[in-house]
Amino acid sequence: MTAKLIDGKAFAATVRAKVAAHVAQIKEENGITPGLAVVLVGEDPASQVYVRSKGKQTVEVGMNSYEYKLAADTSEADLLALIDRLNKDPEVHGILVQLPLPKHLDSDLVINSINPAKDVDGFHISNVGLLGTGQKSMVPCTPLGCLMMLRDYHGSLSGMNAVVIGRSNIVGKPMANLLLGDSCTVTIAHSRTKDLPSVVRQADIVVTAVGRPEMATGDWIKPGATVIDVGINRIERDGKTVLVGDCEFDSCEAVAGAITPVPGGVGPMTIACLLANTLTACCRAHGLREPEGLTA
Ligand code: NAD
């Protein structure tokens, strides 16, 4: 069997188009433009690239983008004061503080100071609790993108066995909660899991969020299973730096029913879901109809 390729790049384009259409409609009918504020502290090169890309795509779908670039030695008090201002600003519907923050700043404190209704990353403790109890919340972007692709491919996920490898707050745990919300039987595997390959072989759906290049090989995968590879790893191959996932693509593709590539799979969906979350936050703030198919 050769797996069907789940094209995250193309799917992300359809999500952005849906967002843009809904944004145009609420601008026209309600005179409201959704706004996303992104806060970057310091000069981490990867974070700078992400923030630029987020700002560009925000504008492309017709929303307002506000960027705040703060010096690496910004005090916690100054950062919290900025977040307080953004929390109160009616033009700002979404606030994202780019992680990781410099070490002298308490990330949990900073994230939990964001108004949960504007927490478009879905990392605020209130949103984590709401998701965990099956209530309406802001959902973390990467797992939301994975869920959208799975629903699109399978329709209903009800009753499927899902194994999520990785238990981070950003990907693994919210992913498991979302799959549980869609009535999967969910196993969360991690670095201490015994005989990981045999656990993964039980899965109809495998989500890998580990950060270990090509860890999962084809012999881990149940024939016909759907593989969602969240991992982004840079390795040297044939004298070049290349991006690979947590799955060894060729051997997994030969066994799986469907698989996301790296790059071009989960990655592009993450920013698309950030835009979707900003639109959702704006609609909720103004009591407007929420876009369909863009939330959990
Ligand atoms: P993390 O380091 O916070 O968590 C990694 C998890 O993997 C941990 O829970 C750990 O228990 C588990 N793990 C480590 N070694 C393991 C092993 N040998 N066997 C089984 N489990 C093991 O990472 P994260 O933030 O969740 O990110 C995971 C990967 O996803 C990284 O490669 C990251 O770059 C990527 N990522 C991609 C996107 C995207 O937009 N595509 C977004 C976020 C993260």
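Ala-20 counts as partly exposed at 26% relative accessibility, where buried means under 20% relative accessible area, exposed over 50%, and partly exposed in between (1.4 Å probe, protein chains only). This residue is found in helix H1; helices (H or I, at least four residues) and strands (E, at least two) are DSSP runs, numbered from the N terminus. Ala-20 and Met-63 are 43 residues apart in sequence, and their C-alpha atoms are 8.2 Å apart in space.

The model is predicted: local features need pLDDT of at least 70, side-chain atom pairs count only at pLDDT 80 or more, and totals for chains, interfaces and linings use all residues. Residues are numbered from 1 along each chain as its sequence is written, and side-chain values use heavy atoms, with hydrogens and water left out.

A nonpolar core is a set of buried Ala, Val, Leu, Ile, Met, Phe, Trp, Tyr and Cys residues joined through side-chain atoms within 4.5 Å. The largest one has 55 residues, and Val-19 and Leu-179 have the most contacts inside it. The greatest contribution is that of H10, which gives 11 residues.

Helix H7 holds Met-175, which counts as buried because its relative accessibility is 0%. The C-alpha atom of Met-175 is separated by 7.9 Å from that of Cys-146, and the two residues are 29 apart along the chain. Gly-42 has its place in the loop between S2 and helix H2 (45-60) and is buried, with a relative accessible area of 10%.

Next comes the ligand. A residue is near a molecule or strand if one of its heavy atoms lies within 4 Å of it. The ligand is surrounded by 21 residues, the closest being Arg-167, Ser-168, Val-230, Ile-232 and Thr-270. This shell divides into nine nonpolar, 10 polar and two charged residues; Ala, Val, Leu, Ile, Met, Phe, Trp, Tyr, Cys and Pro count as nonpolar, Asp, Glu, Lys and Arg as charged, and the others, Gly among them, as polar. Helix H10 (residues 266-285) supplies the largest share of the shell, three residues.

A polar backbone atom of Arg-167 is 2.8 Å from an oxygen atom of the ligand. For Thr-270, an N or O atom in the side chain is 2.7 Å from a ligand oxygen atom. Arg-212 places a polar side-chain atom 3.5 Å from a nitrogen atom of the ligand. Taken alone the ligand exposes 860 Å², of which the protein buries 70%; accessible areas come from the Shrake-Rupley method with a 1.4 Å probe, and for residues only the protein chains shown count as cover.

The cysteines can be taken together. A disulfide is a pair of cysteine sulfur atoms within 2.5 Å, and by this rule the count comes to zero. For Cys-273, the nearest cysteine sulfur is that of Cys-141, 6.4 Å away; Cys-273 counts as buried at 0% relative accessibility. Cys-283 is likewise in no disulfide, its nearest cysteine sulfur being that of Cys-282 at 5.5 Å, and Cys-283 is buried with a relative accessible area of 0%.

Some backbone features remain. Leu-99 and Pro-100 are joined by a cis peptide bond with omega of about 0°, and Pro-100 lies in the loop between strand S4 (94-97) and helix H4 (107-111). The peptide bond from Val-262 to Pro-263 is also cis, with omega near 0°; Pro-263 is found in the loop between strand S11 (258-259) and H10.

Glu-214, although not a glycine, has a positive phi of about 55°. Its loop runs between S7 and strand S8 (226-229), and Glu-214 counts as partly exposed at 22% relative accessibility. Asp-238, also not a glycine, has a positive phi of about 50°. Asp-238 is found in the loop between strand S9 (233-237) and strand S10 (240-244), and counts as exposed because its relative accessibility is 75%.

Definitions and conventions. A polar contact is a pair of N or O atoms within 3.5 Å; within protein, one must be able to donate a hydrogen and the other to accept it, and residues adjacent in sequence count only if both atoms are side-chain atoms.
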